[in-house]
Amino acid sequence: MSDSNVKIFDTTLRDGEQVPGCKLNTDQKVIIAEQLDILGVDVIEAGFPVSSPGDFKSVEAISKMVKNATVCGLTRSVENDIKVAAEALTYAKHARIHTGIGTSDSHIKHKFKSNKEAIIERAVKAVKYAKSFVEDVEFYAEDAGRTDNEYLARVCEAVIKAGATVLNIPDTTGYCLPSEYGAKIKYLKENVRGIDKAVLSCHCHNDLGLATANSIEGVINGARQIECTINGIGERAGNTALEEVVMILKQHPYLELDTNINTSMLYGMSQLVSDSMGIYTQPNKAIVGANAFAHSSGIHQDGMIKNRGTYEIINPKDVGVTESAIILTARSGRAALAYRAKHVGYELTKIQLDDVYANFLSFADKKKEINDSDIHQIIETSKVYQQIISA
Ligand code: KIV
Ligand code: ZN
């Protein structure tokens with residue numbers, strides 16, 4: 001693996017599917033996993049096998065079908081979880097067990113009613129047990145975002161010694177600022193003995209809208225895996241959005257970080273996940289929202305028509321969107337109207353455009369958005385119509 005390569009660990013089918021009302025059946029999960037594999041994700045977290053017979057079946061079916069990606073199953077630091085995950089992953093070409101335990105004071109005190117030393121013991125025991133089934137074991141320190149760095153480093157050191165190959169540092173509650181999360185990763189890189197034997201992984205939640213920024217700070221500071229979901233779906237405010245981190249790394253090549261993702265599949269992938277889960281994607285969602293490449297104000301439209309780069313930093317084709325949209329509303333100017341009229345077959349002179357534009361404004365004031373058939377009607381009812389068609 002080159003040091004510039006950031007692994008993409010997709011957890012749409014595990015953390016993403018925890019969204020209320022978004023449960024998928026095995027067939028739907030297999031279809032999504034197949035597309036994720038073609039998309040080029042490095043790891044597919046297929047589920048939490050011990051949680052239900054249905055989830056076990058899905059992880060097993062995905063393991064049988066996936067050709068390239070590593071297939072991963074989540075567990076707690078509980079022997080039976082690990083044994084069941086190993087069973088579900090039997091047929092995977094590349095299998096990973098993802099085990100872990102809460103490490104923040106709040107988790108240790110309230111969830112486990114335990115103490116720091118006992119938590120390290122449980123973590124080590126779980127990793128060793130997972131290691132008896134598979135070589136590739138990822139350890140998560142749940143609530144690492146609120147775990148003090150010194151203790152977190154001790155946990156990491158112990159689980160690396162026990163055989164963990166990937167260390168997941170989740171900001172489970174989405175609390176960290178990007179500078180804090182980045183500093184945490186840097187601290188672990190600099191203070192954990194044996195850290196070069198493991199990959200640090202970012203797993204950020206979006207409670208304060210910082211999941212993407214935190215993951216990017218994580219990789220800038222030395223992490224080499226990002227855990228994310230399509231459309232950023234997930235518990236509460238969701239997880240880091242896959243399409244966002246991938247495009248940030250692509251659009252900022254000077255960071256010298258890249259992924260194996262075929263970005264032209266991003267839009268289709270987003271549609272597949274939102275249709276399968278019945279969860280709509282907000283129109284202003286970065287990269288894949290319906291308005292991500294739509295321009296509606298006159299000033300922006302004029303700039304776009306003259307040069308796309310004036311208002312777009314991504315070529316829509318790079319993410320699988322056919323073309324940018326010039327939306328006609330009462331805020332649009334003559335340039336946008338001429339552009340859209342040309343699209344539906346009318347080449348207007350400057351004088352004709354002045355007249356058609358006046359007619360357009362009275363239509364647009366009554367309607368939210370002007371579509372192609374409205375444009376025909378606007379032109380047909382303008383004073384210069386005969387002149388336009390006889391030209
Ligand atoms: O957010 C989190 O801490 C998790 C772990 C179970 C990996 O999803
Ligand atoms: Zn999570």
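Ala 341 sits in helix H12, which covers residues 334-343; helices here are DSSP runs of H or I with at least four residues, strands are runs of E with at least two, and both are numbered from the N terminus. With a relative accessible area of 0%, Ala 341 is buried, a label for anything under 20% relative accessible area, while exposed means over 50% and partly exposed lies in between (1.4 Å probe, protein chains only). Ala 341 and Tyr 254 are 87 residues apart in sequence, and their C-alpha atoms are 41 Å apart in space.

The model is a predicted one, in which local features need pLDDT of at least 70 and side-chain atom pairs count only at pLDDT 80 or more, whereas totals for chains, interfaces and linings use all residues. Residues are numbered from 1 along each chain as its sequence is written, chains are lettered from A and ligands numbered from 1 in the order in which they are written, and side-chain values use heavy atoms, with hydrogens and water left out.

As for the overall picture, the protein has 15 helices and 10 strands. Its C-alpha trace spans about 85 × 40 × 40 Å along the principal axes. Of the 391 residues in the protein, 54% are buried.

Next comes the ligand. Around ligand 1 are Arg 14, Asp 15, His 98, Tyr 140, Glu 142, Asn 168, Pro 170, Thr 172, His 203 and His 205, where being near a molecule means having a heavy atom within 4 Å of it. Sorted by class, this shell holds two nonpolar, five polar and three charged residues. In that sorting, Ala, Val, Leu, Ile, Met, Phe, Trp, Tyr, Cys and Pro count as nonpolar, Asp, Glu, Lys and Arg as charged, and the others, Gly among them, as polar. Strand S5 (136-142) and strand S6 (166-171) each bring at least two residues to the shell.

Oxygen atoms of ligand 1 also pair up with side chains. An N or O atom in the side chain of Arg 14 is 3.0 Å from one ligand oxygen, and a polar side-chain atom of Asp 15 likewise lies 3.0 Å from an oxygen atom of ligand 1. For His 203, the distance from a side-chain N or O atom to an oxygen of ligand 1 is 3.1 Å. On its own, ligand 1 has 260 Å² of accessible area, and the protein covers 92% of that (areas come from the Shrake-Rupley method with a 1.4 Å probe; for residues, only the protein chains shown count as cover).

Asn 5 belongs to the segment before strand S1 (7-10) and, at 8% relative accessibility, counts as buried. Its side chain makes two polar contacts: one of 3.3 Å with the side chain of Asp 258, and one of 3.1 Å with the side chain of Asn 260. A polar contact is a pair of N or O atoms within 3.5 Å; within protein, one must be able to donate a hydrogen and the other to accept it, and residues adjacent in sequence count only if both atoms are side-chain atoms.

Then there are the backbone angles. Most residues other than glycine have a negative phi. Asp 143, however, has a positive phi near 65°. Asp 143 is in the loop between S5 and helix H6 (149-162), and is buried, at 0% relative accessible area. Arg 236 also has a positive phi, of about 50°, without being a glycine; this residue lies in the loop between strand S8 (225-228) and helix H9 (242-251).

Glu 235 is found in the loop between S8 and H9 too. Glu 235 is partly exposed, with a relative accessible area of 29%.

Finally, Gly 278 takes its place in the loop between helix H10 (266-277) and strand S9 (294-295). Gly 278 is exposed, with a relative accessible area of 65%. The C-alpha atoms of Gly 278 and Gly 21 are separated by 8.3 Å, although the two residues are 257 apart along the chain.
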